[in-house]
Amino acid sequence: MSMLSLLSSPSFLRRVLWADAITGLGCAALHLAFTDALVLWLGLPAALLIESGLVVVLFVLLAGALALQRTPSRAGLMLLVAGNLAWVAGCVWLLVAGPIHPTPLGQAWLAVQAVTVLLLADLQWWSGLRRGQAAMAMA
């Protein structure tokens, strides 16, 4: 199976969406259930951890809803990809120019989130939105 046919498979897109939902759920659970410990370990403010945990829950619901659809809606995918890219931008901003000073573990946490979420957004773009553009061009 070629990489292009793998990326254009509807089942691949659903797996990516489930991966986004599951990893997001884990992140949200950590931020919300272990806020006090994460403040110490990561050097991130409690309010940021709580608010980001709540925002991620919304994206978990969106990714899960899209994963349950036989053909995920283009608008939903666009919203999810845009949200993921905004998350990446926020992580990078906090690392580079943000008003906080995370610990080295906090810096690693933000970097891992940025890379992971960027990968998910890229896979969602190529397997969902880009595939949809190709299908429309053929019609």
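Which residues of H4 meet which residues of H5? The legends below start with that contact. This is a predicted model, in which local features need pLDDT of at least 70 and side-chain atom pairs count only at pLDDT 80 or more, while totals for chains, interfaces and linings use all residues. Residues are numbered from 1 along each chain as its sequence is written, and side-chain values use heavy atoms, with hydrogens and water left out.

**View A. The contact of H4 with H5.** From H4, the residues are Leu48, Ser52, Val56, Phe59, Leu62, Ala63 and Leu66. They meet Gly76, Leu77, Leu79, Leu80, Gly83, Trp87 and Leu94 in H5. Contact means heavy atoms within 4.5 Å. By class, the contact has eleven nonpolar, three polar and no charged residues. (Ala, Val, Leu, Ile, Met, Phe, Trp, Tyr, Cys and Pro count as nonpolar, Asp, Glu, Lys and Arg as charged, and the others, Gly among them, as polar.) Helices (H or I, at least four residues) are DSSP runs, numbered from the N terminus.

**View B. The crossing of H4 and H5.** The two axes come within 10 Å and cross at roughly 155 degrees. That makes H4 roughly antiparallel to H5. (Angles over 145 degrees count as roughly antiparallel, under 35 as roughly parallel, 65 to 115 as roughly perpendicular and the rest as oblique.) Axes are lines fitted to C-alpha atoms, for helices over the stretch in contact, and angles run from 0 to 180 degrees between N-to-C directions. The crossing is left-handed. (In a left-handed crossing the near helix is turned anticlockwise from the far one by less than a right angle; clockwise is right-handed.)

**View C. H3 against H4.** Helix H3 (residues 35–42) packs on H4 at about 125 degrees, with the axes 9 Å apart. That makes H3 oblique to H4. The crossing is right-handed. Thr35, Leu38 and Val39 of H3 make the contact with Ala46, Leu49 and Ile50 of H4. Five of these residues are nonpolar, one is polar and none is charged.

**View D. The largest pocket.** It holds about 320 Å³ of space. (On a 1 Å grid over the protein atoms alone, a pocket is an open set of points where a 1.4 Å probe fits, with protein on both sides within 12 Å along at least five of seven lines; lining residues have an atom within 4 Å of a point.) Volume is the space filled by probe spheres set on the points, which are joined across faces, edges and corners. Of 20 lining residues, Thr23, Gly24, Cys27, Trp87 and Val117 lie nearest the centre. H6 gives the most, with six residues. The lining has 13 nonpolar, six polar and one charged residues.

**View E. The second largest pocket.** Its space is about 190 Å³. Among its 14 lining residues, Leu48, Ser52, Trp87, Cys91 and Leu94 are closest to the centre. H4, H5 and H6 each give two or more residues. H5 gives the most, with five.
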